[in-house]
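Subject: Structure handover

Hello,

Please open it before you read on.

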Amino acid sequence: MRQSIIHIALLVSEYDKAIAFYTGKLGFALLEDTAQPEQQKRLVVVAPPGSVGATLLLERAATPEQERFIGDQAGGRVFLFLRTDDFWRDYQALQARGVRFVREPKRAEYGNRW
């Protein structure tokens, strides 16, 4: 049996605001934005440029309980890790688009084997 993760659901407050962030600030591609009127939601999928792996499924929070988890879906831990073929190029491009980092990057011996 072959299986893979196709989407990772990410709670957001508003679809258009989230799309603007992921495409405008992070440079992700908008792969799908399909209205689902019977459920009063949209199927919104984004991914990094050139990605062939899992995508992000942007899900608008539908209840106050879900809204509480926006921005804290991993309990304060790092939620996603982005692989790149040129770290410094992408780091500088993200900074130029206004992305703020919580600390400066550092070289480490771990985490680069996958």
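Predicted model: local features only at pLDDT ≥ 70, side-chain atom pairs only at ≥ 80, totals over all residues.

Residues are numbered from 1 along each chain as its sequence is written, and side-chain values use heavy atoms, with hydrogens and water left out.

**Sheet**

Helices (H or I, at least four residues) and strands (E, at least two) are DSSP runs, numbered from the N terminus. Two strands pair if DSSP finds at least two bridges between them.

Strand 2 pairs with strand 3 (residues 41-47) in the antiparallel sense, over 7 bridges. Ala29 sits opposite Ala47 in strand 3. Gln36 has Lys41 in strand 3 as its bridge partner. The hairpin of these two strands has 4 residues between them, and Gln40 takes a positive phi near 55° there.

Strand 3 also runs antiparallel to strand 4 (residues 55-60), joined by 3 bridges. In this part of the sheet, Val46 stands opposite Leu56 in strand 4.

**Helix 1**

Burial goes by relative accessible area: buried is under 20%, exposed over 50%, partly exposed in between (1.4 Å probe, protein chains only).

Which residues of helix 1 (residues 15-25) are buried? They are Tyr15, Ala18, Ile19 and Tyr22. These residues lie on the same side of helix 1, because they cover an arc of only 100° around the axis. The arc is that of the directions from the helix axis to the C-beta atoms. As a general point, an α-helix has 3.6 residues a turn, so residues three or four places apart point the same way.

The cover over the buried residues of helix 1 includes strand 1, strand 2, strand 3 and strand 4. Contact means heavy atoms within 4.5 Å. Exposed Asp16 and Lys17 are on the face turned away from the buried side. Just after helix 1, Gly27 takes a positive phi of about 75°.

**Aromatic rings**

Rings of Phe, Tyr and Trp (its six-membered ring) pair if their centres lie within 6.5 Å; planes under 30 degrees apart count as stacked, over 60 as edge-to-face and the rest as tilted. By this rule there are 6 aromatic pairs.

One of them is Phe21 with Tyr22, edge-to-face at 5.1 Å centre to centre, with 90° between the planes. Phe21 counts as partly exposed because its relative accessibility is 37%. Tyr22 is at 13%, so Tyr22 counts as buried.

Trp88 and Tyr91 are also edge-to-face, at 5.6 Å centre to centre and 90° between the planes. Both lie in helix 3 (residues 87-96), 3 residues apart, about one turn of the helix. Trp88 is partly exposed at 45% relative accessibility. Tyr91 is buried, at 7% relative accessible area. Phe87, Trp88, Tyr91 and Phe101 form one aromatic cluster.

Best regards
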